[in-house]
Amino acid sequence: MSYPPEQEDMISGCFDLIFPTLLRLTGNRETALDLTQETFLRGWGKLDSFEGRSNISTWLYRIAVNLALNHLRRNKKISYTEIEPAVIATELPENMAEKRFEMAAIRESILLLPPDLRACIVLHYYEAKPVDDIAGILGIARGTAAWRLHNARKKLKAELRRRGIRN
Amino acid sequence: MFRNKKEKEDDGLKKLLRDAWPLDTGKERATFLQRLKLVIPPDHPGLLFLAGRIKRQTMNGYDHNGEAKWRRHGVFAFIAAWSVILLTLFLAFFAFHSYWLAPAPHNTPGGNEPGVILDNQTDDNESKTTDRYIYQFRGYKIVDSRKFTLAKATEEINKLRPMGMEIVVTGMKQVTEYFEESNGTTYHYVIYELEGRQKTESEKQNERFGVTP
C-alpha cells in the first residue's frame, strides 16, 4: 500500500522543508530523520489547532525547530564524526582533500554555535528566511531575531577566521 | 539591483555555507515515506485536509517551500508594476493629446477653413477661459467680444466666415440669441447660460444704457 501521487508529493514537500533544517541543526542524519517524523506526527496531532493565521510551512518549521532545540538542550555533546560524511566523500575527487577539510571545518563551525544562534544561521542562510519569518518560527520578537542573527553571524565569522577560512 | 558592501558580504557568506554543506536527501525521504505509512495510512481524511491547505497556499501566492512568490520574483514584480504605471501614464497623455489638442476635423488636410469662436467671456469664469484655450489649440480663430461691441464682433465674424465654416459661440444665452437674430444663423454650441449666476458689472451697465444683450 502506498500513498497516491498527490499525497506523496505533499508529504515529500513537507519532508524537503523540514529534514534539511533538522539535519543542519543536529548534524546527524538519524536524529534528523527521527525528529522529522516526530514533527510530522506532532503536526498531525495538532492539525485541528492550526488556525491558518500563519503560513503552514512556518507552522511546521516552528514545530521542527522547537523539537530540535529541545533535543540539543538535552544532548549537549554532539558527535562531530557523524556530520555528513557520505555526500562530501562522493562529490569531490580524491585530490581535493584540502577542500574537503575546509568544508568539514565550516560545518563544524556552524555546529559549534549555541543552538539558538545556529537556528538563526540555518534558517537565514540555508532556508532563505527573512528576519520576520525567523522571529515567527522561533516565537520571538523581530528585534530579538535580528540581534540573534547578527550575533550568530559575528561568532561564525570569528570561528571561520580562527580556522583560516575567508569568504 | 545595486547591493551594498554588507549585502555583498552576506551573499558571500551564504555561498560559502551552502557550498560547504550540500545535501542529498533522497534516501532519507524514501525511508521516511515507508515509516510514515505505518502511522498514517493513505487517504486518511487529515492527510487530504493538509494536502488541500498546502495546495491552496501554493495557489495563493506561496511556492512549495512556503516562501511568498513575490519575494523570489521581486525584481519581476517591480518591473511589471512600473510597466503598468508608465503605460497608464502614456495612455492618459495620449488620450489627452488626441482629444483636446488634436486639430479640429475641418483643419485637417483637405478639410474646410478653421472655425471661428466668438468669445464674450467674463473674467469671473475660469472654465470659459479653459475652453477658449482648447479651441485655440484646435485651430479656431477667436473673436473676443470684450474688445469689440457686439455689432463690431458680428462684422468680424462675417469677414472671417467663409462658406461652410463652423462657428462656435461660448457665451451667455442672450449673446447667442443676439447673434442668431442678427445673422439668421444657428450656431453650433451654446455653452453657458446666465441663469443661476449673478449679473456682472458690465451686464448691469449694458442694461442701464439699453445695450443688447
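This is a predicted model: local features need pLDDT of at least 70, side-chain atom pairs count only at pLDDT 80 or more; totals for chains, interfaces and linings use all residues.
Local features need pLDDT of at least 70 and side-chain atom pairs count only at pLDDT 80 or more, while totals for chains, interfaces and linings use all residues. Residues are numbered from 1 along each chain as its sequence is written, and chains are lettered from A, ligands numbered from 1, in the order in which they are written.

Start with chain B. It has 9 helices and 3 strands (DSSP runs numbered from the N terminus: H or I of at least four residues, E of at least two). Along the sequence they run α-α-α-α-α-β-α-β-α-β-α-α. Of its 213 residues, 16% are buried (20 or more other C-beta atoms within 10 Å of the residue's own, C-beta atoms being placed from the backbone). Take contacts (C-beta atoms, placed from the backbone, within 7 Å) between residues at least 6 apart in sequence: 52% join residues at least 24 apart.

Now chain A. Helix α6 (residues 115-126) and helix α7 (residues 131-138) have axes that come within 10 Å and cross at roughly 135 degrees. Axes are lines fitted to C-alpha atoms over the stretch in contact, with angles from 0 to 180 degrees between N-to-C directions. Ala119(A), Cys120(A), Leu123(A) and His124(A) of α6(A) meet Ile134(A), Ile137(A) and Leu138(A) of α7(A).

Finally, Tyr3(A) lies in the segment before α1 (5-26) of chain A. Tyr3(A) counts as buried because it has 21 C-beta neighbours inside 10 Å. Beyond neighbours within four places in sequence, Tyr3(A) contacts Glu8(A), Ile11(A), Leu33(B) and Pro42(B).

Definitions and conventions:
Two residues are in contact if their C-beta atoms, placed from the backbone, lie within 7 Å. A residue is buried if 20 or more other C-beta atoms lie within 10 Å of its own, exposed if 12 or fewer, and partly exposed in between; C-beta atoms are placed from the backbone.
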